[in-house]
Amino acid sequence: MARSGLAAAARVAHWADAALRPRRDGANPDSKGTLSDETAERAAADLGLTAGQVRADWDTARLAGLVEVHGGSARPGWRLRAWDRDDSAVLRGWVALFDAWSLAFAEPADHEPAAVAEVVSAMPQVLSFLQLSAGPVPVEQLLDLLEQRVTELRTERCEIPYGPQPVPVPAPTPPAPPGPADASLSPLLDWALRALASVGALTYGDGQATLTPLGNWAVWVKLEQICVAAQSPAGNIEQAAEDMLRGCAQLRPNAARAEYRAWLAARPVGSAVTELLGAARGEDALLRGLAFEALRVVGAPAEPDVRSVADEPTLRPYALLWLAEHDGIDPEDAHEVLTREEATWLWVDTAAAVADHGEAPMLVRHLESAVQPTVPSLLDEVRAVGHPRTVQVLVALAAAHPDPALAKAVRRAAFQVHTGGS
């Protein structure tokens, strides 16, 4: 259903990707990424559509992330690139469109923006009721629920001013309007249901609304995310990425992944990925590794950002391993995408994390993960790789290793790195 619902938007996005290369200059210079009249007419002629249909499909493509707007230009999103090979990318695109339902259908022009915002805020409860009902629900019943929720929202934000207040002057009592006090919510509910129907979340007609299977699934996913966020095992949901990762450092892998999921569910994916990569750029190697573990929980939406940092020396080995696993390479074989130098750099970085946060036996066991067949060859390549923590790692390893001869060789290597000798 998601694929068929987005097929028209994907068709226009694919057309733009092919027809506007290499400079995707079909966006107006208004920094909104909208199609110019000339481009819309050209697309309409090529695709056998009207210019209006092209614009509508283009807007849908933008909302679904099939097209990403950067400044005044637009380019294909990762979901379009993965369209033919990844059903999860299609589903994520539809969920993005579902989340943007209030932008997908023009709102009534004769209502206050505040009232529209209240209805948008109240609709999740209406959708939850539809999901629990598991069938058609009369619009009158949905209107009652909407009115109750809007009243609750108004009550929740009601504030009593602090300090002495002037005595209010009674205003003349206006004549009572006909019908219920919240009768104006009826056209706003009609708009909301039509908008949700336009994105394929529900069917609406004959005085009732029913969630589609896709809409039912989406509401269930949203409810699950709320539950996951509310049940954060370690209570790090409101923390910044760096503090959250530190809080996960002592957790077992499954518990840490549950914490990552809860943290991610509580914030937009884009900002979460940015935060995690920011934490990975810090000096703490442990947080670097944990940040990329959290990015594995994010999955495909993180791909463009992870790919963009693959040229940063500090993040490159982690990014390459992440991308390899994302492309389907077995995690046990993913290290083969690294050069010998990159693998050695990663070994030192991981050893730094162990030295800072682990125990001495862990650092000794870490020797077994090196790609070099012997300790002397490892030391030679570690000295050459130029990791900023090389000296500290070698000193810690020398202090931890039970073999005096090997410990002496490691200390000598640390001294040589420190003094710049060979």
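Biologist: Where is the place of Asp206?

Modeller: Asp206 is in the loop between strand E4 (202–205) and strand E5 (208–211). Helices (H or I, at least four residues) and strands (E, at least two) are DSSP runs, numbered from the N terminus. Please note that this is a predicted model, in which local features need pLDDT of at least 70, side-chain atom pairs count only at pLDDT 80 or more, and totals for chains, interfaces and linings use all residues. Residues are numbered from 1 along each chain as its sequence is written, and side-chain values use heavy atoms, leaving out hydrogens and water.

Biologist: What phi does Asp206 take in the hairpin of E4 and E5?

Modeller: Its phi is positive, near 55°, in a hairpin with two residues between the strands. Asp206 is not a glycine. Asp206 is also exposed, at 82% relative accessibility; exposed means over 50% relative accessible area, buried under 20%, and partly exposed in between (1.4 Å probe, protein chains only).

Biologist: What is the phi of Ala134, and where does this residue lie?

Modeller: Ala134 has a phi near 55°, again a positive value in a residue other than glycine. Ala134 belongs to the loop between helix H8 (113–133) and strand E3 (137–138), and its relative accessible area of 67% makes it exposed.

Biologist: How should I read the sheet, and in what order do its strands stand?

Modeller: Strands of a sheet pair through backbone hydrogen bonds, either parallel or antiparallel. Here three strands form an open sheet in the order E3-E5-E4, with antiparallel pairing. E3 and E4 are at the edges, each with a single partner strand, so one side of each has no neighbour in the sheet. Two strands are said to pair if DSSP finds at least two bridges between them; E4 and E5 have four, in the antiparallel sense. Within this pair, Leu202 stands opposite Leu211 in E5, and Tyr204 faces Ala209 in E5.

Biologist: Which helix lies across E3, E4 and E5?

Modeller: H8 does, running at about 75° to E5. Such angles run from 0 to 180 degrees between N-to-C directions, the axes being lines fitted to C-alpha atoms, for helices over the stretch in contact.

Biologist: Which residues of the largest nonpolar core touch the most other members?

Modeller: In soluble globular proteins, nonpolar side chains tend to be buried together. A nonpolar core is a set of buried Ala, Val, Leu, Ile, Met, Phe, Trp, Tyr and Cys residues joined through side-chain atoms within 4.5 Å. Of the 61 residues in the largest one, Leu245, Tyr260, Leu276, Phe292, Leu295, Val306 and Trp347 touch the most other members. Apart from that core lies another, of 59 residues, among them Met123, Leu188, Trp191 and Leu196.

Biologist: How many helices and strands has the protein?

Modeller: There are 22 helices and five strands, and buried residues make up 42% of the 422 residues.

Conventions:
Contact means heavy atoms within 4.5 Å.
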